[in-house]
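I opened this notebook to record what I looked up in one protein structure. The entries follow the order in which I worked.

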Amino acid sequence: GANTTGWLGRAADKLALDGAAAPAMAVGSLQAPLALRGRRAVVPAIDRVEEVDYEVDGRGGLEGARREALRRFVDDADGDDPLNRDIEAVARAAMDESERIRRALSRWRPRAEWPTHELGERLHAVARLAGSGYGTRLFHVAHTGFDTHARQQPTHAGLLRQLDGALAALRDELLPRKLWQDTLVLVHSEFGRRAAENASQGTDHGAAAPVFLLGGAGAPGLLGEAPNLGSLVDGDLPATADFRALYGDALAFLGLDHSGILGPGIQRMKAV
């Protein structure tokens, strides 16, 4: 329903109470995913970081012209109309935030070799925003294309190479800036895969799926029980850990009480 909130959105609400103007952000999306839907926090969704960096071409360009047109529109609005006042407040907040992001990004100089594919560009945007001191603490990035019901092997291998290269660049970028120790990356999927191959050289949707946690604060190793191909349930690997326990670890990393976000009775896995 319209009142549904996501666990990251509820986390963003709590961070917003501490004064964060934009505690969370979706990068590479036209709209924030349901996981980021909250009640209080403003969660912007950007497809590219240049969308909020008006000075990207050094001259203001088309985006600069749009900004000035919006500012003139706001300045000329009828201040006596309540709807106009609300629109004006939202527009001014958006312009102020975009200017704050622009100033933060203008100081950025990359240190890592970033891959040029879509995921690499999105994680580079995250690194720029996280390393520029803008203040956002939660980022959501999508890496799509894993719905491989046919000819899975080459597609899956290519997607994992992209994931590997982009995450390595993120670490190489943040580590010398002394930010990797304060970073936690949670890689998860919306669905698992069946253990057996289908008739199209792919696999269909299944139950359990792996989750990766990366960052400078975590201890390496396997959490939970290893999957057992000899103990399938209706052809699926059964889950050996509650994914909400991993969410609890991520929230604790942010200094948040996970019970107020995930509900009572959720135990942490102590991954970090």
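The entries below go from the whole chain to single residues.

**Entry 1. Confidence**

I noted at the outset that this is a predicted model. I looked up the confidence and found that the protein chain averages a pLDDT of 85, with 83% of the residues scoring at least 70. I then asked which element of the protein chain has the lowest mean pLDDT and which the highest. Helix H2 (residues 61-76) has the lowest, at 62, and helix H5 (residues 152-174) has the highest, at 97. Over residues 53-62 the pLDDT is below 50, although this stretch has 13 contacts in the model beyond near neighbours in sequence.

**Entry 2. Overall plan**

I listed the elements and found seven helices and seven strands in the protein chain. From the N terminus on, their order is α-β-β-α-α-α-β-α-β-β-β-β-α-α. The protein chain has 272 residues, of which 33% count as buried. I recorded an accessible surface of about 16000 Å², and 51% of that surface belongs to carbon and sulfur atoms. Among contacts between residues at least 6 apart in sequence, 61% join residues at least 24 apart.

**Entry 3. A sheet of three strands**

In what order do the strands of the open sheet lie? I read the order as S2-S1-S3, with parallel pairing. S2 and S3 are the edge strands, since each pairs on one side only. S1 joins strand S3 (residues 138-141) through four bridges, and in that pairing the partner of Ala24 is Leu138. S1 also pairs with strand S2 (residues 45-46), over two bridges, and there Ala26 stands opposite Ala45.

I next asked whether the faces of S1 are covered or open, and found both covered. Ala24 and Ala26 are buried on one side, and Met25 and Val27 are buried on the other. I noted the general rule that side chains alternate between the two faces of the sheet in a regular strand.

**Entry 4. The largest nonpolar core**

I looked up the largest nonpolar core and found 19 residues in it. Those with the most contacts inside it are Trp7, Leu138, Leu251, Leu256, Ile261 and Leu262. Helix H1 (7-17), strand S1 (24-27), helix H6 (243-253) and helix H7 (259-262) each give two or more residues to this core. H1 supplies the largest share, five residues. Apart from this core lies another, of 15 residues, including Leu167, Ala169, Leu170 and Val185. I kept in mind that nonpolar side chains tend to be buried together in soluble globular proteins.

I then turned to Leu256, which has its place in the loop between H6 and H7. Leu256 counts as buried because its relative accessibility is 12%, and the cut-off for buried is under 20%. Leaving aside neighbours within four places in sequence, Leu256 is in contact with Ala11, Lys14, Leu15, Leu251 and Ile261. Leu256 and Ala11 are 245 residues apart in sequence, yet their C-alpha atoms are 7.5 Å apart in space.

**Entry 5. Helix H4**

I checked the span of helix H4 (residues 118-131), which has 14 residues. From its first C-alpha to its last it reaches 20 Å, close to the 20 Å expected at 1.5 Å a residue. How many of the residues of H4 are buried? I found ten of its 14, so H4 is mostly covered. Among the buried residues of H4 are Leu119, Leu123 and Val126, but also Arg122, His124 and Arg128. Just after H4, Gly133 takes a positive phi of about 80°.

**Entry 6. A glutamine in helix H5**

My last entry concerns Gln152, which is found in helix H5. Is Gln152 buried or exposed? I recorded a relative accessible area of 17%, and therefore Gln152 is buried. Not counting residues up to four places away in sequence, Gln152 touches Arg193, Gln201, Gly202 and Thr203.

Technical notes. Residues numbered from 1 in each chain as written. Heavy atoms only, no water. Core = buried A, V, L, I, M, F, W, Y, C linked by side-chain atoms within 4.5 Å. Buried < 20%, exposed > 50% of the residue type's maximum accessible area, 1.4 Å probe, protein only. pLDDT = per-residue confidence, 0-100. Contact = heavy atoms within 4.5 Å. Areas by Shrake-Rupley, 256 points an atom, 1.4 Å probe, with all protein chains shown as cover. Pairing = 2+ DSSP bridges. Expected span 1.5 Å × (residues − 1).
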